[in-house]
Amino acid sequence: MRHNAAKIHLTIAMLLGLAGVGLLAAGAHSGVAESVTTAGQMLLFHAPVVIAATAARKVGLLHQIMARIALSFLCLGVVVFAADLARRGFGGQRLFQDAAPTGGFLMMASWFGLALSALFAPRT
């Protein structure tokens with residue numbers, strides 16, 4: 001079975017949405033720390049971005065390679081950030097030292113990468 005970047009990014013986006021809804025439900029109904037809700041929100045905020053940017057890349061509105069790299073790091077960044085917040089909320093421990101700032105930096109760098117991929121897109 002052949003996978004391409006679009007299928008992988010779209011699948012990840014759907015899983016981000018799934019995890020986001022689950023964390024929001026846990027935050028609303030279980031009395032866990034507010035960081036669990038924030039983790040869910042971050043996942044849900046970024047899932048549609050991954051979907052939209054993947055679609056934009058497929059129709060040529062984003063530079064192919066730059067967008068693939070930016071989307072991959074955006075997915076990684078939001079997962080690391082949200083996982084650290086969720087782990088702190090549920091268990092009071094970090095995912096690893098500086099996980100949240102690392103995830104946040106990856107997300108910001110990825111947004112910048114997506115902006116650059118729009119500037120260097122083959123189609124306007």
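This is a predicted model: local features need pLDDT of at least 70, side-chain atom pairs count only at pLDDT 80 or more; totals for chains, interfaces and linings use all residues.
View 1. Because its relative accessibility is 15%, G89 counts as buried; buried means under 20% relative accessible area, exposed over 50%, and partly exposed in between (1.4 Å probe, protein chains only). Not counting residues up to four places away in sequence, G89 touches V32, A33, S35 and V36, a contact being defined by heavy atoms within 4.5 Å. G89 and F73 are separated by 16 residues in sequence and by 24 Å in space, C-alpha to C-alpha.

Residues are numbered from 1 along each chain as its sequence is written, and side-chain values use heavy atoms, with hydrogens and water left out. Local features need pLDDT of at least 70 and side-chain atom pairs count only at pLDDT 80 or more, whereas totals for chains, interfaces and linings use all residues.

**View 2. The salt bridge between D84 and R88.** The structure holds one salt bridge, a term that requires a side-chain nitrogen of Lys or Arg within 4 Å of a carboxyl oxygen of Asp or Glu. The partners are D84 and R88, whose closest N and O atoms are 3.0 Å apart. Both residues belong to helix α3 and are four residues apart, about one turn of the helix. D84 counts as buried because its relative accessibility is 0%, whereas R88, at 35%, counts as partly exposed. Side chains of opposite charge can pair when their charged atoms come close.

**View 3. H46 and its polar contact with W111.** H46 is placed in helix α2 and, at 7% relative accessibility, counts as buried. The side chains of H46 and W111 are joined by a polar contact of 3.3 Å. Such a contact is a pair of N or O atoms within 3.5 Å; within protein, one must be able to donate a hydrogen and the other to accept it, and residues adjacent in sequence count only if both atoms are side-chain atoms. Leaving aside neighbours within four places in sequence, H46 is in contact with L74, V78, M107 and W111.

**View 4. L114 and the largest nonpolar core.** This core has 27 residues, of which V50 and L114 touch the most other members. Helices α1 (5-29), α2 (34-58), α3 (64-91) and α4 (99-119) each supply at least two residues of the core, and the largest share, 10 residues, comes from α3. A nonpolar core is a set of buried Ala, Val, Leu, Ile, Met, Phe, Trp, Tyr and Cys residues joined through side-chain atoms within 4.5 Å. Apart from neighbours within four places in sequence, L114 is in contact with V49, A53, L62, A67, A70, L71 and L74.

**View 5. D98 in the loop between α3 and α4.** D98 is found in the loop between these two helices. Although D98 is not a glycine, its phi is positive, at about 60°. With a relative accessible area of 41%, D98 is partly exposed.

**View 6. The chain as context for the close-ups.** The secondary structure comprises four helices and zero strands. Of the 124 residues of the chain, 41% count as buried. Among contacts between residues at least 6 apart in sequence, 71% join residues at least 24 apart. Along the principal axes, the C-alpha atoms fill a box of roughly 50 × 25 × 25 Å.
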